[in-house]
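Hi there,

Here is the structure I promised to pass on. Please have it open while you read, and my notes follow below.

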Amino acid sequence: MYAANYPKVFRLCLGYLSGNEDLSKDLAYEVFIKVWQYLDDFRGEASTSTWIYRITVNTCLQELRKKKTKTLKIEIADDNPIEESETESQLASMYRCIDQLSAENKSIILLELEGLPQKEIAKVIGINHASVRTRIHRIKDQLSKCVKNE
């Protein structure tokens with residue numbers, strides 16, 4: 001279960017945390033701790049991966065709420081900025097644009113990027129399939145415009 005789902009959970013956390021790999025690894029481990037803790041409570045109404053995605057989304061949203069309440073900002077001065085490659089720059093731009101989405105839209109697009117079927121995304125988010133399809137289309141338009149303006 002861990003080996004099959006860890007990469008997906010990690011990438012989803014990465015999307016929520018604007019590409020912060022260290023924090024994403026920590027959250028991914030936290031997700032699997034919760035999975036083990038609540039495995040006996042899993043009712044089997046959805047697939048195991050859908051249940052794990054739901055735990056991941058909730059864990060990431062809790063982390064984002066914690067970050068909002070922190071007022072202390074730590075800025076590290078970098079005298080020698082490392083040049084980003086074109087791909088890294090595009091990824092960073094995409095993460096910044098995804099960061100601007102509402103929490104629910106962020107969840108939808110990150111799950112879509114993970115390749116989760118839209119019907120499963122609907123179950124994870126708790127909305128109907130038609131709404132997911134419409135919102136994915138709108139979110140993609142929004143992200144395209146955002147990335148072009150960066």
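Let me begin with S93, which sits in helix α4 (residues 86–99); helices here are DSSP runs of H or I with at least four residues, strands are runs of E with at least two, and both are numbered from the N terminus. S93 has a relative accessibility of 7%, so it counts as buried (buried is under 20% relative accessible area, exposed is over 50% and partly exposed is in between, with a 1.4 Å probe and protein chains only). Apart from neighbours within four places in sequence, S93 is in contact with V147 and E150, where contact means heavy atoms within 4.5 Å.

A word on the basis: this is a predicted model, in which local features need pLDDT of at least 70 and side-chain atom pairs count only at pLDDT 80 or more, while totals for chains, interfaces and linings use all residues. Residues are numbered from 1 along each chain as its sequence is written, and side-chain values use heavy atoms, with hydrogens and water left out.

Next, helix α2. Its 18 residues (21–38) should span 26 Å at 1.5 Å a residue, and the end C-alpha atoms are 26 Å apart, which agrees; the expected span is 1.5 Å times one less than the number of residues. The buried residues of α2 are S24, L27, A28, V31, F32, K34 and V35. They cover an arc of only 155° around the axis, so they lie on the same side of α2 (the arc is that of the directions from the helix axis to the C-beta atoms). D22, D26 and Q37, on the other side of α2, are exposed.

Now the aromatic rings. Rings of Phe, Tyr and Trp (its six-membered ring) pair if their centres lie within 6.5 Å; planes under 30 degrees apart are stacked, over 60 edge-to-face, and the rest tilted. By this rule there are 6 aromatic pairs. One of them, Y6 with F10, is stacked, at 6.0 Å centre to centre and 15° between the planes. Both residues belong to helix α1 (residues 2–16), 4 residues apart, or about one turn of the helix. F10 is buried at 16% relative accessibility, and Y6 is buried at 17%. The rings of Y6 and F32 have centres 6.3 Å apart and planes at 35°, so this pair is tilted. Since Y6 lies in helix α1 and F32 in helix α2, the pair ties together parts that are 26 residues apart in sequence. Y2, Y6, F10, Y29 and F32 form one aromatic cluster.

Best wishes
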